Amino acid sequence: MPDLFAYTDGACSGNPGPGGWGVLLRAMDGDTVLKERELNGGEAETTNNRMELLAAISALETLERASTITVVTDSAYVKNGVTGWIFGWKRNGWKTSNKKPVKNVDLWQRLDEAQTRHDVTWEWVKGHAGHPENEKADELARAGMAPFKPKKAQA
């Protein structure tokens, strides 16, 4: 059975502003890439955190059957949220420890639902540090954002 990885990233031009998300899905047998798929998308008015979440959600929702997968993100927000904070939020009715509504609750609930079908391991990598798959996910996120960025005036 091949190992499955999803390298995810989000990007935003302004925060809020136009944003994009990208995913590099890769099936591996040891060091050999068996199959690869690229996903991306974007929104006209969003935040970086929402795009980071949408990348992870899209990676999990696109899988047609229950899978064992490692999701690699450069977002401490996503990694810490899904492996720690989310348990308290759910216990507290989607409120923070300060009794405030959880930001991006719609996407956190969607991510929580998306991961229930799978056996997910979450890993964090430092962004913009030369990690080839993270750089590819960043490139995909920027491509997803491109249609929503204002065109520069011609001189």
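1. Basis. Residues are numbered from 1 along each chain as its sequence is written, and side-chain values use heavy atoms, with hydrogens and water left out. In this predicted model, local features need pLDDT of at least 70 and side-chain atom pairs count only at pLDDT 80 or more, while totals for chains, interfaces and linings use all residues.

2. Nonpolar cores. A core here is a set of buried Ala, Val, Leu, Ile, Met, Phe, Trp, Tyr and Cys residues joined through side-chain atoms within 4.5 Å; buried means under 20% relative accessible area, exposed over 50%, partly exposed in between (1.4 Å probe, protein chains only). The largest core has 31 residues, of which Val23, Leu60, Ile69, Trp108, Leu111 and Trp122 touch the most other members. At least two residues each come from β1, β2, α1 (48–61), β4, α2, α3 (105–116) and β5 (119–124), these elements being DSSP runs numbered from the N terminus (helices H or I, at least four residues; strands E, at least two). The largest share, eight residues, is from α1. Another core of six residues lies apart from it, with Tyr7, Val72, Val125 and Leu140 among them.

3. Aromatic pairs. Rings of Phe, Tyr and Trp (its six-membered ring) pair if their centres lie within 6.5 Å; planes under 30 degrees apart count as stacked, over 60 as edge-to-face and the rest as tilted. This rule gives five aromatic pairs. Trp85 and Trp89 form a tilted one, at 6.0 Å centre to centre and 50 degrees between the planes. Both lie in helix α2 (residues 76–91), four residues apart, about one turn of the helix. Trp85 is partly exposed at 40% relative accessibility, whereas Trp89 is buried at 10%. Ring pairs join Tyr77, Trp85, Trp89 and Trp108 into a cluster.

4. Backbone. The Asn15 to Pro16 peptide bond is cis, with omega near 15 degrees; Pro16 is in the loop between β1 and β2. Trp94 has a positive phi, near 60 degrees, and is not a glycine. Trp94 sits in the loop between α2 and α3 and is buried at 17% relative accessibility. Asn104, also not a glycine, has a positive phi of about 60 degrees. Asn104 lies in the loop between α2 and α3 and counts as buried, at 16% relative accessibility.
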